[in-house]
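Trainee: Please pick one part of this chain and go through it closely. I would like the pairing, the packing and the neighbouring parts in one connected account.

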Amino acid sequence: MRLFYFLLLLSLCFWTSHSVFKIPLKIFAGNFDPSVQLDLRPLRQNEGAVESGLSLASDPAGIVNFLDMINNLKGDSGRGYYMEMAIGTPRQTLNILVDTGSSNFAVAAAAHPYVTHYYDRALSSTYQSIGRAVAVKYTQGEWEGELGTDLITIPKGPSGAITINIAAILTSEGFFLPGINWQGILGLAYPLLVRPDPSVEPFFNSVVRQTGIPDVFSLQMCGAGVSASTTADPAGGSLIMGGVEPTLYRGSVWYTPILEEWYYQVEVLKLEVGDQNLNLDCKEYNSDKAIVDSGTTLLRLPGNVFSAVVEAIMQTSLIKDFSTGFFDGTKLACWMRGESPWMLFPKLSIYLRATNTSQSFRITIHPQLYVQPVTDIDGTLDCFRFGVSPSANGLVIGATVMEGFYVIFDRAQKRVGFAVSTCAENGGVSLAEIAGPFLAEGVASDCTSGVSLREPMMWVIAYALMGICAVVLIALLILLILPCRCHRDGEITDESSLVRHRIK
């Protein structure tokens, strides 16, 4: 009996030590087969108060010129936004995906069918191996590799070479996809998400420490309205490292607090479809977290919220008897070429808590951002997908929403800013809106309490359980080694032992 409990505890300890915490990343491959009924299921398997911010053309130290960083991104939401980087000595040029929902800097270091070229560590005289293995699982895809360091330069970024921790990707599954034009990923989130552990300094932390630029970066993503089947890569936007470039947005910047420094976690107070408030408990929107993530293609909503949004759209849309396959992502919706479907759909609005916590502000996207062009058929039909999907991992403000705004990740002041993007327009009409302040009346003072355990706490619990397991295992080993002492009066047996009842 004691042997049974020993084996049970041993299996529990190994399960705890190998628990995997997944990082959201969903990149849409963009390769559609306009086949019978346009069934997309095979493809799905691959798939505060107003504040001014830092409106500077360059940082005070003169290390960066923000104007030089404009249009340093290519791509779109379907295939991801990426920038050119040079790694090693001599320099090897790769395109690197920009992802605010993870923290590892990782590049292909071996041949792969969907990668045109890769980083060859043997050719770099400045590469140094750390001698540690690393593995990361995303919502879509995973990879394994080895950690090392090397010099990187960014042609349209901070000047000079920077020593960065690099994960060399040696094997992967579902991570590199057909039709992409990037060979690595740049995780811009906080150290708590770094694998194998937070002692590995993330990319942007290293940039700030070595160059002295402010701990701020900002993103403009300009792929709104770009078809996922387009073969050419447009100038997809800008990643400004060290501050804010005022020519990339219109109007005022509105900031919302970063609740916890792991993902860029924010607090959503409510959602509206058109002028219709969903009237859900605000905790529903933040279960188990709400984050801003450029590496996620769509606006992802918790299941109940997604269902409420779809129902509200179907009630307010001018389309009758609309196929549910469009909303669940298995079918495209097609119109005759030249016809615009966007007037048939309502706007979507997200209310975020402002830095003045008694207030909120509203970011609104027009249908052009979430009813997304995908492909055309025989030059006669234009087909679209639904840019919103259900999520089991919380609410994710992905590229569907971010393409409407200039988004500022002000890590120094622990806040995320939103302003209307200059490139989110169609025919001179803006595709996004921002408004406020609104009083946060009728909304709970904390919309995040009572939600699922956050990943840092899960790590703490995992390590604590491993420690407890170690102590108990040592005790059980001692009991197994020592001879059994049996007494008829008041005997201690496996049936009444303290260990048994602790396990029970």
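Mentor: Strand 20 and strand 21 (residues 381–386) pair in the antiparallel sense, over 6 bridges. Strands here are DSSP E runs of at least two residues and helices are H or I runs of at least four, both numbered from the N terminus, and two strands pair if DSSP finds at least two bridges between them. The model is predicted, and for that reason local features need pLDDT of at least 70 and side-chain atom pairs count only at pLDDT 80 or more, while totals for chains, interfaces and linings use all residues. Residues are numbered from 1 along each chain as its sequence is written, and side-chain values use heavy atoms, with hydrogens and water left out.

Within that pairing, Val371 is opposite Phe386 of strand 21. The two strands belong to an open sheet of 3 strands, in the order 17-21-20, with antiparallel pairing. Its edges are strand 17 (333–336) and strand 20 (371–377), each of which pairs on one side only. From one strand to the next the twist averages 30°; axes are lines fitted to C-alpha atoms, for helices over the stretch in contact, and angles run from 0 to 180 degrees between N-to-C directions.

Ring pairs link Phe386 into a cluster with Phe306, Phe326, Phe327, Phe345 and Tyr370. Rings of Phe, Tyr and Trp (its six-membered ring) pair if their centres lie within 6.5 Å, and planes under 30 degrees apart count as stacked, over 60 as edge-to-face and the rest as tilted. By this rule there are 26 aromatic pairs. One of them is edge-to-face, because the rings of Phe204 and Phe217 have centres 5.2 Å apart and planes at 70°. That pair links distant parts of the chain, with Phe204 in helix 4 and Phe217 in strand 10 (residues 216–221), 13 residues apart. Phe204 counts as buried at 2% relative accessibility, and Phe217 counts as buried at 1%. Buried means under 20% relative accessible area, exposed over 50% and partly exposed in between, with a 1.4 Å probe and protein chains only.

Phe326 is buried at 2% relative accessibility, and Phe345 is buried with a relative accessible area of 7%.

Strand 19 and strand 28 run antiparallel and are joined by 6 bridges, and Ile363 stands opposite Ile434 in strand 28. Contact means heavy atoms within 4.5 Å.

Ser360 lies in strand 19 (residues 359–365) and is buried, with a relative accessible area of 3%. Leaving out residues up to four places away in sequence, Ser360 touches Leu269, Tyr351, Leu352, Arg353, Ala354, Gly436, Pro437 and Phe438. Tyr351 also has the charged end of Lys270 over its ring, 4.4 Å from the centre. A charge sits over a ring if NZ of Lys or CZ of Arg is within 6 Å of the ring centre and within 35 degrees of the ring normal.

Leu271, again leaving out residues up to four places away in sequence, touches Gln276, Asn277, Leu278, Tyr285, Leu301, Val305, Val309, Ser349, Ile350 and Leu395. A nonpolar core is a set of buried Ala, Val, Leu, Ile, Met, Phe, Trp, Tyr and Cys residues joined through side-chain atoms within 4.5 Å. The largest such core has 107 residues, of which Phe105, Phe203, Leu239 and Leu271 touch the most other members. Helix 6 (residues 303–316) gives the most to this core, with 7 residues. A second, separate core of 20 residues includes Tyr82, Leu97, Tyr138 and Ile185.
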